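Biologist: I'm new to this one. Can you put it up and walk me through?

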Amino acid sequence: MNTKIKKIFKHNEIYLFLIIIVFSLIITSINPAFLTLENLFDLTKSSAGMGILAIGFFIVLLSGGIDVSFTAIAIAGQYISANVLMASGVDNIFLAFLISCSVGVFLGAVNGIFISIFKLSTLIVTLGTLSAFHGALLAFVGTKAINTAELPDCFKVFGHKNIFMLSRADGTSYGLSVYVLILIGVVIFSWLILKYTMLGRGIYAIGGNRESALRSGFNIVGIQFFIYCYVGFLAGIMGVMHISLLRYSNPMYIVGTELSVIAAVVLGGARITGGTGSILGTLLGVVMISILEKNLVLMGLSSYWHQFFVGLIIIVGVSITSYQNKRRSIESLTFR
Amino acid sequence: MLGKYAKTIVLFIIMVGVFAVMVIFLQDKFLTVTNFQSISSQIPEFGLLALAMMLAMMTGGIDLSVVSITNLTGVVAAIILTKFAGPQMGEGQIILIIILAILAAVAASLVCGFINGFLIVYVGVPPILATLGTMGLFLGIAVVITEGHGVTGFPDKFLYIGSGTIGVIPIPLIIFIICTLIVALALNKTSLGLSIQMLGSNPVAARFAGINNNSVLVKTYLMTGLLAGISSIIMISRVNSMRPGYGYAYLLTAILVIVLGGVNPSGGFGTVSGVVMGVIILQLLQSGFNILAFSPFFKKFIWGFMLLLVMVINFIIAGYQQRSGKLKTRA
């Protein structure tokens, strides 16, 4: 029993979970409305999109790479699918998802080509594609925002869909959004890939030691290509969720929020050097960041502090895991 | 082919070529005094950022926080300039305040650089993530100090730095040239510079060769911070204001020019002359695009596309050189 508890405490996730609990209690003491079912449902709905992006980024991080272009892919998928739907008059949410995800996979494939075939540095490639994709979207597709009135109904309906409803005291109702289902689906699918397929093994292997993975026979090019296409696919999903949530689309949105997603993932314990981390940790990180972002004002800090805290969290989160890694490599006399 | 000067010569040819294309296609609009003035006013502040990024990249790392450092140090200097310098003060006092502001900016930039160096060296955070975090942190501090607003209204004597000239040469350009010479000298003639190159090329070998990796890295990031701080002083004196969030477009283009200028993102290789030529090429292109009235979005697309293109070309050239036995790359 003692060793089992000790084993649990070895994982970073438990500390994050405790921090979230403590944090939630502090916020609830200031604002009792926080720990209500309705607020929690609302929180889930609005952070599901970030959760999906975080899972994508997490998988890239596992493979030892970095991808900062996912926000541009998400907004590109969103804006293009909305415009196509508006132009063609078709009002089908599945078509929207299809278009957005196709755009996402296509753009992700562009990343994949540069990274896996040309073997270029992942950060610089994705910095370049972030600029190129977003610039191309704004220059070639357009900059006009889509307001609620023009938005096809399928988005609005989708945004409101709930799994089940509960009623408040005054008779109105609220519910748990289907976004949760999508998030759970993505989580399960990603988890299955990572845990039970050779592809998943390959991802961990590349992240752990690329040279060893190569010599073990893993198809590095194929695996990396898949990873970046998958990130694009997830970004496409998030794009449609985002537009349905806001009932509004502005091609300048989403881009600029990369740091929050990255903060969530590193908070969850994923190491930049790749090879370790868990989806659970990533999700906990997303929860923490979401709660932080939405309740900063409650704690008496204006929204100006947001940027500061995100940066601080990234630094603290990464410092802890990096320092542990450093100590471990010193003790084992390996040179990173 | 032509030995180690091959890349530099190719760059020079490209630079002249771009200039020629601009002149041919945009004749009267390009060859104007105002155009050259605007080019030469942008080169210093941007070039210093490129040099800063170059130093970090030569050690095999990267510094994504350079623009945030300029934001923060600019805010620090701006606050001192506006809070302490009143119109009723004597000239001597104003100059004192200006010197104080500049010193404060330099100190702030060194602190920022040290934080970067500390995280990377002593905590062991990889440069990408460390500077990603400090990018947000430093900008966050700047935003909190100014509450998102801009700070304007600097004393005239200070603005002299940004818009004054010595002879026909603008002061910012002189500062830039001096810094370039110092960095080039440091990289090629001092032991620190050589250590940087060796460390970037192969950190483990450098360590075993007796180089104190930790101290070299910290000094590198200190220099990066310092250059960013100098850039911010030029920046704010040129536009007579400081608003947090300014200059982030420079980040991608800084990486673009140094990759264009021959710096290897994995570290170890790179020349100051290459970077300077890269800066000039970029500014020429930038000015050409402005004359052609390209939208800022299209420019964004082009910079991203160019970065990818340059990387691919470098990859192909390296492959070609490797096959012909000229380039000895590490595994």
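Modeller: Start with A:Thr71, which sits in helix H4 (residues 70-88) of chain A. Helices here are DSSP runs (H or I, at least four residues), strands are E runs of at least two, and both are numbered from the N terminus. This is a predicted model: local features need pLDDT of at least 70, side-chain atom pairs count only at pLDDT 80 or more, and totals for chains, interfaces and linings use all residues. Residues are numbered from 1 along each chain as its sequence is written, while chains are lettered from A and ligands numbered from 1 in the order in which they are written.

Biologist: Is A:Thr71 buried or exposed, and why?

Modeller: A:Thr71 is buried because it has 25 C-beta neighbours inside 10 Å. The cut-offs are 20 or more other C-beta atoms within 10 Å for buried, 12 or fewer for exposed, and partly exposed in between, with C-beta atoms placed from the backbone.

Biologist: What does A:Thr71 touch?

Modeller: Leaving out residues up to four places away in sequence, A:Thr71 touches A:Ile254, A:Val255, A:Thr257 and A:Glu258. Contact means C-beta atoms, placed from the backbone, within 7 Å.

Biologist: Where is A:Ile254?

Modeller: A:Ile254 is in the loop between helix H11 (220-246) and H12 of chain A. A:Ile254 counts as buried because 27 C-beta neighbours lie inside 10 Å. Its phi is positive, near 65 degrees, and it is not a glycine.

Biologist: Zoom out. How many helices and strands does chain A have?

Modeller: Chain A has 14 helices and 2 strands. Of its 336 residues, 46% count as buried. Its C-alpha atoms fill a box of roughly 65 × 50 × 40 Å along the principal axes.

Biologist: Where do the two chains meet, and how many residues are in contact?

Modeller: On chain A, 41 residues are in contact with 39 residues of chain B. H14(A) gives the largest share of chain A's side, 15 residues. That side has 28 nonpolar, 12 polar and 1 charged. Nonpolar covers Ala, Val, Leu, Ile, Met, Phe, Trp, Tyr, Cys and Pro; charged is Asp, Glu, Lys and Arg; the others, Gly among them, are polar.

Biologist: Now chain B. How many residues of H11(B) are buried?

Modeller: In H11(B), 11 of its 12 residues are buried. Helix H11 (residues 249-260) of chain B reaches 17 Å from first C-alpha to last, close to the 16 Å expected at 1.5 Å a residue. The expected span is 1.5 Å times one less than the number of residues.

Biologist: What covers those buried residues?

Modeller: The cover includes H6 of chain A, plus helix H2 (33-58), helix H3 (66-84), helix H12 (272-291) and helix H13 (296-323) of chain B.

Biologist: And what comes just after H11(B)?

Modeller: Just after H11(B), B:Gly262 takes a positive phi of about 100 degrees.
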